[in-house]
Amino acid sequence: MFKYILKRIGISILILLGVSLILYTLLRCMPTDFVKQRIIALNANSQDGVSEEFIQQMYKTYGLDGTILQGYFNWLGNVCRLDFGKSFTNQREVLTEVFDPDKLGTSFLIAAIATVFEFLIAIPLGITAATHQYSIRDYVVTVLVLIGVSLPSFFFGQMLKDIFANKLGWLPPSGTGDKTQTLVGLAAVNDYIRHMILPILTVVILSIGSRMRMTRTNMLEVLNSDYIRTARAKGLKEGKVIYKHAFRNTMIPLVTSLAGLIPSLFSGAMITETVFDLPGIGKYALDAMTTGNIPVIMTYNMFLAFLSVVGVLLADLMYAVVDPRVKLA
């Protein structure tokens, strides 16, 4: 086991290096960059325009004057010294910006709560649909799956916002708190919860579809297996057959989804956060991408890449727990 983990760590380091090179190359190949946007803004506010020498100095200041490989190795050398650079927009340390407790905490809270409800809703509904195939339950689950898979988040979030906030007035439309008054204690907590209901509801409804479909498909495959028919022939109770024998084997594909679960907790829901004007890490990363803020984008994406690698490793280790036939070597 220990030898396997060391081998996977070595492979993971190579993967992260490859991801960083590809990501940096793509960012440098964008049609526009931060300096170009600054030049356009300066030209719009200046009658004389901006000199070529000033433009070259700006590229040098932001580390964008050399080739892509030179820029990448400069960035990699700084990272090895634990220097992730400063944000182009406000010159604050990137680590301080990306790992801001307010940004990361808002996104993590939404993702964590939505994930819990997603599993609590999707897995039982998927099992029910599989055990009652072609029944009304199955058709209802199928409709929910289609809704979750088909509706774009910006449309569904805006629809919930329009109904429950703008028309009915039951919930606040955006933000994380009421800015018109100062609340403390339970009143502040209650206000924060009310602001989080619609974003969490949006993420939950749009994410349970794929999880239900996965659970239903895997359960149907397992329920048609020979050992399930043997268990029923022995006279075992249906509940024991389903939840002890069938569902345990269904968990194997679900474990695979753990690889993407960990980074999703910290990546933020970019579109949902934008719709509801939440100061999360997802919206911040989207703004950084729009402005060409390379240090922020690199740090944010490499953090997610690292979490993805950790998630894949944990998923592989969980295979041995869920399926005793899997041997790690």
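Visitor: Is phenylalanine 88 buried or exposed, and what is its relative accessible area?

Guide: Phenylalanine 88 has a relative accessible area of 7% and is therefore buried, where buried means under 20%, exposed over 50% and partly exposed in between, with a 1.4 Å probe and protein chains only. This is a predicted model, in which local features need pLDDT of at least 70 and side-chain atom pairs count only at pLDDT 80 or more, while totals for chains, interfaces and linings use all residues. Residues are numbered from 1 along each chain as its sequence is written, and side-chain values use heavy atoms, with hydrogens and water left out.

Visitor: With which residue does phenylalanine 88 form an aromatic pair, and what is the geometry?

Guide: Rings of Phe, Tyr and Trp (its six-membered ring) pair if their centres lie within 6.5 Å, with planes under 30 degrees apart counted as stacked, over 60 as edge-to-face and the rest as tilted. Six such pairs turn up in a search of the whole structure, and one of them joins phenylalanine 88 to tyrosine 62 in an edge-to-face arrangement, at 4.8 Å centre to centre and with 70° between the planes. Tyrosine 62 sits in the loop between helix H3 (52–61) and helix H4 (68–80), and phenylalanine 88 in the loop between H4 and helix H5 (94–98), so the pair ties together parts that are 26 residues apart in sequence; helices here are DSSP runs (H or I, at least four residues), numbered from the N terminus. Tyrosine 62 also counts as buried, at 16% relative accessibility. Elsewhere, ring pairs link Tyr24, Tyr72, Phe73 and Trp75 into a cluster.

Visitor: How do the axes of H10 and H11 cross?

Guide: Two packed helices are described by the angle between their axes and the distance between those axes. The axes of H10 (residues 226–233) and H11 (residues 238–256) come within 10 Å and cross at roughly 160°, the axes being lines fitted to C-alpha atoms over the stretch in contact, with angles from 0 to 180 degrees between N-to-C directions. That angle makes H10 roughly antiparallel to H11, given that under 35 degrees counts as roughly parallel, over 145 as roughly antiparallel, 65 to 115 as roughly perpendicular and the rest as oblique. In this contact (heavy atoms within 4.5 Å), Tyr227, Ile228, Ala231 and Arg232 of H10 meet Glu238, Val241, His245, Ala246 and Asn249 of H11.

Visitor: Which residues make the contact of H6 with H14, and at what angle do the axes cross?

Guide: The axes of H6 (residues 101–131) and H14 (residues 281–291) come within 7 Å and cross at roughly 120°, which makes H6 oblique to H14. Lys103, Leu104 and Ser107 of H6 make the contact with Ile281, Gly282 and Tyr284 of H14.

Visitor: Where is leucine 261 placed, and with which residues is it in contact beyond its sequence neighbours?

Guide: Leucine 261 belongs to helix H12 (residues 258–267) and is buried, with a relative accessible area of 16%. Leaving aside neighbours within four places in sequence, leucine 261 is in contact with Thr115 and Phe119.

Terms used: Helix = DSSP H or I, 4+ residues; strand = E, 2+ residues; numbered from the N terminus.
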